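Please keep the model open while going through the points.

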Amino acid sequence: MASGVAEAVEPTDKTPDEIKEVLEKAGERWLKTTEVSDILENYKKYDFKVSLVPPNQPPGSNVAYQVSSSSSMWSAFMHVGGAVFLFDRKQVRFFRKDGHNWRKKPDGKTVRETHEKLKVDNQDLLNCYYAHAEDQDDNFQLQRRCYWLLEGDGNMVLVHYLNIPAESLRSALAKRFLSLSVQFVVSRLKQCCAPFFRPRNEREDMTPLGGLNHHHQ
């Protein structure tokens, strides 16, 4: 096996803007089937580097989570961290040896991977193998997906690592979002209905939208 540091897929001068966006989003969500196939079919055209060694415990990016709210709006921001690598399976046979502890089969040795064929326009296009980390913290679990084309250059494999919110965090997010949504709706209703709940004397003093009444002599 070659020595050195694994090289993640990074945009180059030859990478179209839409593909640069795809790589940026790979740190937040799984790539779509069409996006994966595009990268595998055009990695040379986009001048993407093919790593000669497997990575060591990727993705290695910081994880941050924040919810903010105000009287007029609420929003949530979450960056879960991800990384994408390209390998030639003939050159890097052990690209899965990435230093992580993945869930094993009952034999306790073989990594448990779920296999699926991904379709585009009802045609099988990609092989995909899913793996889940054995360990996780209270908020995130690391997952890995390995893709390669069923036809064409089947030796090239794209490996995507992504930290996924754990069930406990997803539940907390849902409750927080619901709470903020209710607060937002109640706040807007109070603003809209406030004139109808003023004291009677204040409502009578309000000038009608049509302006003042004019008395004709």
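The points that follow take up the basis of the note, then the sheet, a tryptophan and a helix.

1. This is a predicted model, in which local features need pLDDT of at least 70, side-chain atom pairs count only at pLDDT 80 or more, and totals for chains, interfaces and linings use all residues. Residues are numbered from 1 along each chain as its sequence is written, and side-chain values use heavy atoms, with hydrogens and water left out.

2. Strand 3 runs antiparallel to strand 7 (residues 156-165) and is joined to it by seven bridges; phenylalanine 85 has valine 159 of strand 7 as its bridge partner.

3. Tryptophan 148 lies in strand 6 (residues 140-149) and counts as buried because its relative accessibility is 9%, the cut-off for buried being under 20% relative accessible area with a 1.4 Å probe, protein chains only. Its contacts (heavy atoms within 4.5 Å), not counting residues up to four places away in sequence, include Leu40, Arg89, Leu126 and Met156.

4. Helix 2 (residues 33-42; helices are DSSP runs of H or I, at least four residues) is mostly covered, with seven of its ten residues buried. Among these buried residues are Val36, Ile39 and Leu40, and the buried residues pack against helix 1 (17-25) and strands including strand 3 and strand 6.

Notes: Helix = DSSP H or I, 4+ residues; strand = E, 2+ residues; numbered from the N terminus. Buried < 20%, exposed > 50% of the residue type's maximum accessible area, 1.4 Å probe, protein only. Pairing = 2+ DSSP bridges.
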